[in-house]
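Subject: A structure for you to explore

Hi there,

Here is the structure I promised to pass on to you. Have a look at it first, and then read my notes below.

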Amino acid sequence: MKAPLMRIPYTGPLPPPSIIPRNANTITGAIAALSRFLTAPPSPTLLARDGAAGDSQSTVILSGAGISVASGLADYRGTNGTYRQNRTYRPIYYHEFLANHEARKRYWARSFLGWTNLHKAKPNAAHYAIKTLGDMGIVRTVITQNVDSFHSAAHPDLPTLELHGYLRALTCVTCHNDLPREAFQESLARLNPAWASFLAEAVASGALDTENPDERRAKGMKTNPDGDVDLPGAPYSTFRYPACPHCLTNPPIAGDGTQTKVEIDQDGAWVPTNTAGILKPSVVMFGESIASKVKEAAEQAIDGSGRLLVLGTSLATYSAWRLARRAKESGMPVGILNLGGVRGEDAFFQNLPMSQQGEAGVRVELGTDKVLPGLVDQLKRTRPTHMNNEASDPSSGQHSNSKVFRDMLS
Ligand SMILES: [Zn+2]
């Protein structure tokens, strides 16, 4: 079967959720329900399945853009989301990126300006709460659609599967070697000095702190009607980017046996006659398929767990939605914490026992950074101390993270 391609997610409105259980409409009620959800005994059906590698006591998390909003990153669908702020927003497709030097110039110019904000952004209270859930043995794996690497930064010891890749590196489409994004950013600054000084000014003015084109203009930044930056005297067509350094040193032989050509101009910029060595962000672009090993690892993470907790995503992308469906179909309880509706969410909560208070399913519409720290605090108070191995972790990261966490609670 052909791997499904990444498609632009459905962006229309979704119906508002029914909160489950009904008293989970406050932070206190949500914490109580999620606490029961995470500590309920697994269903006999799932226990019977556990012979293989399954662990019905453990939870797998599936996260999306909503969890990074408190870190200052844009959501796609929320009030400040990319789709609402910039209605003509249309991401580049993989095939355009590969085929078109001009499209790559435009992509890298925008990315050059956008990287600063992402690079200075940090994980928030929700990511650190997940770290503690991992330390407590409650969560065993995180699957994320986010490309910001916040999960692995906040909880390096709790495995994270990055379903849609990551922006912290680039990958060569020919030799598949990775290149750190930071080094690439330096190359872009060196090749595009006018853009580099423009970026420095835009950062200083605060114009890049918002995605809203009107707010950007108010802070002195010129933008086109489509929200693109308009740099006087330096249109996108002048933007320059480097070639893959590995392919440049050693131009590979193409699939048909011919020698590829990988060259740069006197300044180190890509030349359009090249036939290999295109660097792309290490994310799954629209129109590109998810690597089968990532897809399979995500399915195994679902199959090996006893419950699914969905955080900050409307499951609008098919790759995420089908993982949630897979969990539900195997009889796993599903909990969803998301602001706004979720694609086909009724199906996740069908036939719940009338009396259930969160053990069999939870639906909360509150921010992840508002609920998860308090949830962790509640679980620490109610779980037996031997389940909490946090104190035995000697790593210095543990202390700093715990401190961050305490600060969030105070
Ligand atoms: Zn290469």
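Before anything else, a word on naming: helices (H or I, at least four residues) and strands (E, at least two) are DSSP runs, numbered from the N terminus. Please also keep in mind that this is a predicted model, where local features need pLDDT of at least 70 and side-chain atom pairs count only at pLDDT 80 or more, while totals for chains, interfaces and linings use all residues. Residues are numbered from 1 along each chain as its sequence is written.

**The overall picture**

The protein has 15 helices and nine strands. A residue is called buried if 20 or more other C-beta atoms lie within 10 Å of its own, exposed if 12 or fewer, and partly exposed in between, with C-beta atoms placed from the backbone. By that rule, 39% of the 410 residues are buried. Two residues are in contact if their C-beta atoms, placed from the backbone, lie within 7 Å. Taking contacts between residues at least 6 apart in sequence, 74% join residues at least 24 apart.

A nonpolar core is a set of buried Ala, Val, Leu, Ile, Met, Phe, Trp, Tyr and Cys residues joined through C-beta atoms within 7 Å. The largest one has 54 residues, and L34, L308, V310 and A324 touch the most other members. Beyond its neighbours up to four places away in sequence, L34 touches G335, G358, V362, V364, V371 and L375. There is also a second, separate core of 30 residues, which includes Y107, L170, I278 and M285.

**The annotated residues**

The UniProt positions are in the numbering used here, with feature names shortened, and annotations may be inferred rather than shown by experiment. Under "binding site", the unreviewed UniProt entry lists C172, C175, C244 and C247. These four span 76 residues in sequence, yet no two of their C-alpha atoms are more than 8.6 Å apart, so they gather at one spot.

Is C172 buried or exposed? C172 is buried, because 22 other C-beta atoms lie within 10 Å. C172 belongs to strand β4 (residues 165-172). Not counting residues up to four places away in sequence, C172 touches N177, C244, H246, C247, G277 and L279. C175, in contrast, sits in the loop between β4 and β5 (178-180), and C175 is partly exposed, with 16 other C-beta atoms within 10 Å. Apart from its neighbours within four places in sequence, C175 is in contact with C244, H246, C247 and P252.

The unreviewed entry in UniProt also gives H164 as "active site". You will find H164 in the loop between β3 (160-162) and β4. H164 is buried, with 20 other C-beta atoms within 10 Å. Leaving out its neighbours within four places in sequence, H164 is in contact with Q145, V147, V283 and V284.

The expected span of a helix is 1.5 Å times one less than its number of residues. Helix α5 (residues 101-120) has 20 residues and should span 28 Å; its end C-alpha atoms are 29 Å apart, which agrees. Even so, α5 bends by about 35° at G114, the bend being the angle between axes fitted to the seven residues ending there and the seven starting there. Among the buried residues of α5 are R104, Y107 and W108. The buried residues of α5 pack against α4 (94-99), α8 (181-191) and α9 (193-205).

Now turn to α9, where W195, F198, L199 and A202 are buried. They cover an arc of only 105° around the axis, which puts them on the same side of α9; the arc is that of the directions from the helix axis to the C-beta atoms. An α-helix has 3.6 residues a turn, so residues three or four places apart point the same way. On the other side of α9, P193, S197, A200, E201 and A204 are exposed. The cover over the buried residues of α9 includes α5. Just after α9, G206 has a positive phi of about 80°.

Which residues of α12 (residues 292-303) are buried? They are A298, A301 and I302. They cover an arc of only 100° around the axis, which puts them on the same side of α12. S292, K293 and E296, on the other side of α12, are exposed.

Enjoy exploring!
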